[in-house]
Number of protein chains: 2
Amino acid sequence: MPGGKLTIRDIAKMANVSHTTVSRVLNKDSRVREETKKKIVKLIDKYDFKPDPRARVLAMKVRKSRLIGLLLPDIRNPFYAEMARGIEDKANEDGYNVIFCSTDGKPERSEAYVNLMMRTGVDGLIFATARHHDSLIERLLKEKFPIVLVSRKLKGESFNYVVFDNFKGAYDITKHLIELNYKKIGIIIGPSNISTAYDRLKGYQKALKDNDIPVRQDYIVHGPFEKQLGYEGAKKLLQMKDRPEAIFGGSDYIAMGVIDAVEELGMHIPNDVALVGFDDTEFSSNKKINLTTVSQGEYRMGQLGVQILIEVIDKPESSPYTHKVILEPQIIVRESCGHKLRGKAAD
Amino acid sequence: MPGGKLTIRDIAKMANVSHTTVSRVLNKDSRVREETKKKIVKLIDKYDFKPDPRARVLAMKVRKSRLIGLLLPDIRNPFYAEMARGIEDKANEDGYNVIFCSTDGKPERSEAYVNLMMRTGVDGLIFATARHHDSLIERLLKEKFPIVLVSRKLKGESFNYVVFDNFKGAYDITKHLIELNYKKIGIIIGPSNISTAYDRLKGYQKALKDNDIPVRQDYIVHGPFEKQLGYEGAKKLLQMKDRPEAIFGGSDYIAMGVIDAVEELGMHIPNDVALVGFDDTEFSSNKKINLTTVSQGEYRMGQLGVQILIEVIDKPESSPYTHKVILEPQIIVRESCGHKLRGKAAD
DNA sequence: CTGAAAGCGCTTACAG
DNA sequence: CTGAAAGCGCTTACAG
């Protein structure tokens with residue numbers, strides 16, 4: 001055990017009391033004589049005695065580890081790092097610790113990590129990795145294990161979640177581009193079995209339709225929701241004969257990749273091609289990047305996620321899933337999409 | 001308990017065996033008749049029974065939680081996010097989970113987090129937050145609690161660590177600037193009670209001296225090791241009457257702040273001022289940023305840190321601290337510091 | 001105010 | 001191959 005192998009009985013012996021009494025002072029039970037209490041406290045301090053948390057949990061009626069698990073695609077992605085910080089802060093505030101795992105979007109890794117976490121005994125799980133159909137999460141749900149989904153949802157509504165209105169965010173930012181007089185707008189987006197990608201694509205399409213702009217399939221690039229996709233997608237899009245004048249990067253991380261490609265092609269943002277992202281990570285606000293994007297407030301999303309999870313852990317829900325929050329995204333306009341009515345870009 | 005409240009005895013009852021036997025199959029003890037084993041395994045699968053990890057740990061001779069704690073300044077800082085990923089990957093590989101905490105460099109937060117982690121029972125701790133004199137770490141060391149320091153060291157050598165040769169990295173990159181014909185070089189760096197900041201400052205100074213360039217105190221900006229410092233420091237430096245022609249940002253994160261300031265002042269990198277950083281985060285390689293920097297390989301540093309920690313956990317060291325690794329940093333030259341022999345910048 | 005006893009869910013000699 | 005028993009370190013009625 002941390003700090004030595006003393007037990008409650010050792011302390012008891014030294015204090016000439018039963019271990020029961022020591023346990024009482026450890027648990028701030030009032031019915032201990034002030035005098036004996038002092039004696040025991042002194043010993044505890046002297047040896048810096050720490051009761052074994054596991055034995056403690058085991059012996060207690062309500063069995064909690066005060067540990068929550070967090071599954072996310074990649075902690076290096078600034079979007080998730082920010083969210084993780086919100087989760088961490090809120091959790092610690094309530095006396096919980098958080099274990100995190102980066103799955104790289106691979107179901108088999110999720111599976112392995114969840115097993116690992118279960119083995120160490122987490123009280124609940126936060127998933128930022130849900131796909132539309134996710135057997136792991138569905139199983140956990142069926143077992144009534146406490147979980148909450150953040151950012152990404154399953155199909156349906158039978159679970160607790162906190163997400164952003166991705167449809168609206170995408171709709172708005174696409175509309176913003178259209179108002180700036182762009183008509184040829186490409187999009188580079190994650191796979192459609194991820195709710196965020198799916199909804200953003202829908203929002204983009206709807207905005208085009210509402211403005212009588214045909215949706216071109218060749219302007220849509222799908223792939224893994226990673227930076228590399230932005231790079232490859234932009235290369236493809238920008239080398240078309242009839243290339244887009246603007247690109248909607250499905251996330252800031254993807255937009256990072258787009259920027260690399262644009263520079264490599266010797267082009268300029270926004271003169272040759274406008275660019276918008278989604279997430280508003282720290283990167284986007286950099287004065288050299290100045291990416292127009294959609295702010296989700298992922299820190300807050302993380303906080304809300306933990307808050308809900310802790311509620312569920314404390315009182316497991318009877319049946320219906322009542323915790324659902326949909327956050328309002330907000331467009332952050334910067335220079336990466338040029339100026340209003342600037343006229344068409346080269347093509 | 002996760003997945004239901006079944007115990008080993010429930011399973012035993014159903015299988016008509018003693019709970020001892022069930023425990024045996026759970027622990028892959030070979031001396032169980034194939035037949036009974038199958039029967040039990042079937043039951044375990046059927047009910048998806050999971051033994052309580054805490055009871056398990058409690059009952060075992062060697063008491064391990066397979067949990068390690070990680071203290072770092074801020075998970076949102078890409079440098080630490082990358083390191084965390086290295087730690088996570090290596091830990092999971094060995095069956096460990098990692099709990100992380102962002103301290104924002106505040107000793108009182110470290111203290112609180114470590115208490116929290118101790119309560120949940122971590123087997124060891126990785127610190128990326130050490131200061132030269134750090135009473136918390138020193139106490140843990142005295143208690144022989146398994147810990148390893150990464151990136152930042154205490155004064156002295158009585159502990160295990162994996163760090164980079166910050167002195168050399170800073171020396172080399174400063175020398176690089178000098179070879180490019182810059183003589184007025186400012187530096188924006190963290191507080192000198194953090195080993196990385198201290199060593200980098202020393203490296204910078206030595207490089208200047210070795211090239212007969214006087215060290216000017218007014219070209220040195222100290223402060224908290226954060227992005228904001230870069231912004232403020234650059235504003236200060238660049239508005240001096242006799243301003244530096246080049247700035248050494250003590251970390252990429254600081255360099256990010258410098259870039260913001262430079263742009264805000266309407267200046268250009270590298271024409272008006274050259275810039276170098278330290279860390280080589282993803283941000284720096286972006287084609288619009290192109291920051292010359294020092295690559296530390298923090299992912300690998302994280303991996304090595306866990307590896308050492310696990311070794312120490314498995315066999316606590318007799319006395320001397322034998323795990324010390326110093327990694328060689330490497331300069332990554334990009335365009336943020338202009339071209340060789342380009343002549344002096346404006347001033 | 002205090003202690004003896006039972007019990008939390010599991011593992012592991014020990015003895016068949 | 002299998003089981004009864006002791007024990008891990010702690011908490012908590014129950015009975016003084």
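Predicted model: local features only at pLDDT ≥ 70, side-chain atom pairs only at ≥ 80, totals over all residues.

1. Let's begin with DNA strand D, which is surrounded by 26 residues. The closest of them are A:Ser23, A:Pro51, A:Ala55, A:Ala59 and B:Arg33. Two or more residues each come from helix 2 (19–26) and helix 4 (53–59) of chain A, and also from helix 2 (19–26) and helix 4 (53–59) of chain B. Helix 2 of chain A gives the most to this surface, with five residues. By class, the surface near DNA strand D holds 11 nonpolar, nine polar and six charged residues.

2. Now for DNA strand C, which has 26 residues around it. Here A:Arg33, B:Thr7, B:Ser23, B:Ala55 and B:Ala59 come nearest. The elements supplying two or more residues are helix 2 and helix 4 of chain A, along with helix 2 and helix 4 of chain B. On this surface, helix 2 of chain B gives the most, with five residues. The division by class near DNA strand C is 11 nonpolar, nine polar and six charged.

3. A:Pro51, one of the residues closest to DNA strand D, deserves a look of its own. It sits in the loop between helix 3 (34–47) and helix 4 of chain A. Leaving aside neighbours within four places in sequence, A:Pro51 is in contact with A:Ile8, A:Leu26 and A:Arg56. A:Ile8 is 43 residues away from A:Pro51 in sequence, yet the two C-alpha atoms are 7.0 Å apart in space.

4. A:Ile8 also leads us to helix 1 (residues 8–15) of chain A, whose buried residues are A:Ile8, A:Ile11 and A:Ala15. Seen down the helix axis, these buried residues fall within an arc of 65°, so they line one face of helix 1 of chain A. Helix 2 and helix 3 of chain A are among what covers the buried residues of helix 1 of chain A. After helix 1 of chain A comes A:Asn16, with a positive phi near 60°.

5. On to the contact between the protein chains, where 47 residues of chain B meet 47 residues of chain A. On the chain B side, helix 4, helix 5 (78–93), strand 2 (97–102), helix 6 (107–120) and helix 11 (252–264) each supply at least two residues. Helix 5 of chain B has the largest share, seven residues. The side of chain B that touches chain A has 24 nonpolar, nine polar and 14 charged residues.

6. Finally, the domains: chain A is divided into domain 1 (8–59), domain 2 (67–164 + 298–327) and domain 3 (166–296 + 332–337). The C-alpha centres of domain 2 and domain 3 of chain A lie 28 Å apart, and their contact takes 15 residues from domain 2 and 16 residues from domain 3. On the domain 2 side, helix 5 (78–93) and helix 13 (298–314) of chain A give two or more residues. Helix 5 of chain A gives the most, with three residues. That side divides into five nonpolar, five polar and five charged residues.

Terms used
Residues numbered from 1 in each chain as written. Chains lettered and ligands numbered in written order. Near = placed C-beta within 6 Å. Helix = DSSP H or I, 4+ residues; strand = E, 2+ residues; numbered from the N terminus. Nonpolar A, V, L, I, M, F, W, Y, C, P; charged D, E, K, R; others polar. Contact = placed C-beta atoms within 7 Å. Buried ≥ 20, exposed ≤ 12 C-beta atoms within 10 Å, placed from the backbone. Arc of directions from axis to C-beta. Domains from an automatic or database assignment.
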